[in-house]
2 protein chains.
Amino acid sequence: MSDQTLQRWKLTIEYCGTDYYGWQRQEAVPSIQQAIEEAIPEFSGQVLRIHAAGRTDAGVHARGQVAHVDFAPFKKPMEGFEIAKAINAFLRPQPISIVSAEPVAGAGEEDEFHARYSATNKLYHYRIINRRALLGLDQGRAWHFKRPLGADAMHEAAQILVGQHDFSTFRDAQCQANSPIKTLDRLDVTTHEYDAQGGTEILIAAEGRSFLHHQVRNMVGTLVLVGEGKWSVQDFKAALEAKDRTKGGVTAPADGLYLMRVDY
Amino acid sequence: MSDQTLQRWKLTIEYCGTDYYGWQRQEAVPSIQQAIEEAIPEFSGQVLRIHAAGRTDAGVHARGQVAHVDFAPFKKPMEGFEIAKAINAFLRPQPISIVSAEPVAGAGEEDEFHARYSATNKLYHYRIINRRALLGLDQGRAWHFKRPLGADAMHEAAQILVGQHDFSTFRDAQCQANSPIKTLDRLDVTTHEYDAQGGTEILIAAEGRSFLHHQVRNMVGTLVLVGEGKWSVQDFKAALEAKDRTKGGVTAPADGLYLMRVDY
């Protein structure tokens with residue numbers, strides 16, 4: 001079944017998702033996938049489909065999204081950095097960049113690389129700016145949360161989610177995963193000084209092999225209930241155990257979410 | 001000479017400068033000053049001039065610009081956070097935010113506060129992303145520098161500039177300062193991991209009471225000559241001592257410059 005004339009490439013991709021309707025190609029609205037798929041034929045003459053590690057939603061950003069694509073031979077051989085540079089030249093001035101391109105094993109080959117199925121770990125960051133004033137520089141790039149949040153309590157509650165659980169409470173109704181059971185390897189909540197007026201940035205790092213649809217945003221939207229003092233850590237535990245989306249908090253806005261890294 | 005009916009307020013301001021022709025009001029092009037001056041009458045009915053600590057150039061960003069403004073009495077007294085909130089409401093959706101507003105002593109009062117003349121210290125950050133691939137998320141928010149830079153050598157050279165010097169080599173031809181002699185209190189060059197593909201962020205922190213026009217950008221544009229290995233630290237010292245702008249490096253792009261803080 002393998003086509004030995006094709007070479008599979010792994011692309012690592014960075015983007016600001018604000019002006020896009022997410023990764024996935026859709027009719028009549030701009031997507032990251034479409035932008036890259038339209039840039040590829042411009043330098044290669046090849047119309048190709050690219051496959052991502054995960055479909056980020058509208059407004060979600062990426063520092064290390066990964067996708068694969070199968071190129072037919074180029075007229076003259078190209079190095080990875082030349083492919084990245086060539087695609088980027090036709091992505092300008094969009095806020096999307098191919099950070100690197102590396103040759104990998106293709107369909108039918110031993111150790112076949114598949115951006116989605118071969119992934120062993122994903123790291124997401126979620127940024128909350130906790131202060132009264134609206135955002136200037138980080139508009140669209142973080143969740144602006146006005147009421148004071150206690151990050152220590154959020155971190156304590158977050159540890160309840162680490163490990164293997166039924167994450168139905170944090171699963172979007174449209175999630176297509178076969179099972180709500182996932183293993184979360186890390187969920188750390190840390191605070192950082194944001195401005196000289198006492199504003200803080202709360203950074204939530206979520207790591208695991210795979211996630212349900214909206215899982216990170218739903219976990220964050222529920223953690224803030226603990227941060228605000230509306231919920232105790234016990235209430236948070238009860239929400240997880242309820243296995244019921246209606247028992248969780250809101251879905252945190254896309255603006256704060258960054259796909260940082262995919263490991264293979 | 002003091003007008004006791006006016007109350008002076010200190011505003012701390014954050015903005016993304018990408019889509020603006022700098023702080024200062026100009027004809028027919030958008031500026032940060034104009035955006036704020038147009039928002040103020042919307043909530044207060046008062047047409048006022050605001051005075052900044054320093055006029056940032058086109059494309060330069062701020063995390064902690066400071067300005068002052070003299071308000072006539074409001075119909076009912078307003079707290080600082082209410083003033084900030086009211087201005088921000090009329091700045092939307094522009095990437096500009098009044099982070100705080102504090103009452104200060106006005107013209108003719110003892111300890112009169114003046115955003116520009118009372119400033120005792122300013123902190124600028126300059127961000128360089130050092131990697132081959134074009135920028136995605138940080139487009140317009142950092143200087144993209146492709147060739148490898150040695151940050152240690154840059155830091156060593158930077159220490160030559162700390163202290164009181166004639167900074168003519170780093171002074172723009174249009175600079176209106178009376179003297180090219182300034183005291184630079186700190187010029188630190190540090191590196192940080194930027195992406196998982198080996199890209200690094202080089203952060204340059206410059207601190208001092210005041211700066212010449214384009215001084216930070218000209219210092220950065222000259223430091224990269226050392227970072228690239230084109231110049232030795234001795235060459236860098238000779239450039240300072242030449243007191244001649246034509247002996248310095250290029251003016252680094254506005255994109256990477258952030259006014260972080262002004263102290264009083």
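The model is predicted, so local features need pLDDT of at least 70 and side-chain atom pairs count only at pLDDT 80 or more, while totals for chains, interfaces and linings use all residues. Residues are numbered from 1 along each chain as its sequence is written, chains are lettered from A and ligands numbered from 1 in the order in which they are written, and side-chain values use heavy atoms, with hydrogens and water left out.

Start where the chains meet. On chain A, 33 residues are in contact with 33 residues of chain B. Contact means heavy atoms within 4.5 Å. Together the two chains bury about 2,700 Å². Buried area is the accessible area (1.4 Å probe) that two parts lose on being put together, summed over both. Carbon and sulfur atoms carry 53% of it.

Now look at the charged links. Between chain A and chain B there are 2 salt bridges. A salt bridge is a side-chain nitrogen of Lys or Arg within 4 Å of a carboxyl oxygen of Asp or Glu. One of the pairs in a salt bridge is B:Arg131 with A:Glu14, whose closest N and O atoms are 2.8 Å apart.

Which parts of chain A face chain B? Strands E1 (7–15), E3 (61–71), E4 (96–104) and E10 (257–263) and helix H2 (80–91) of chain A each supply at least two residues. Helices (H or I, at least four residues) and strands (E, at least two) are DSSP runs, numbered from the N terminus. The largest share, 5 residues, comes from E4(A).

Next come the aromatic rings. Over all chains, the structure holds 20 aromatic pairs. Rings of Phe, Tyr and Trp (its six-membered ring) pair if their centres lie within 6.5 Å; planes under 30 degrees apart count as stacked, over 60 as edge-to-face and the rest as tilted. Take A:Tyr124 and A:Phe211: their ring centres are 5.2 Å apart and their planes stand at 90 degrees, so the pair is edge-to-face. A:Tyr124 lies in strand E5 (residues 121–130) of chain A and A:Phe211 in the loop between strand E9 (200–208) and helix H4 (215–227) of chain A, so the pair ties together parts 87 residues apart in sequence. Both A:Tyr124 and A:Phe211 are buried. Buried means under 20% relative accessible area, exposed over 50%, partly exposed in between (1.4 Å probe, protein chains only). A:Phe43, A:Phe71 and A:Phe74 form one aromatic cluster.

Finish with two residues in loops. A:Ser168 sits between strand E7 (163–166) and strand E8 (181–193) of chain A. Its relative accessibility is 16%, so A:Ser168 counts as buried. A polar contact of 2.6 Å joins its side chain to that of A:Asp166.

A:Asp57 is in the loop between strand E2 (51–52) and E3 of chain A. At 23% relative accessibility, A:Asp57 counts as partly exposed. Leaving aside neighbours within four places in sequence, A:Asp57 is in contact with A:Gly22, A:His213, A:His214 and A:Arg217.

Definitions and conventions:
Polar contact = N/O pair within 3.5 Å; in protein donor to acceptor, adjacent residues only side chain to side chain.
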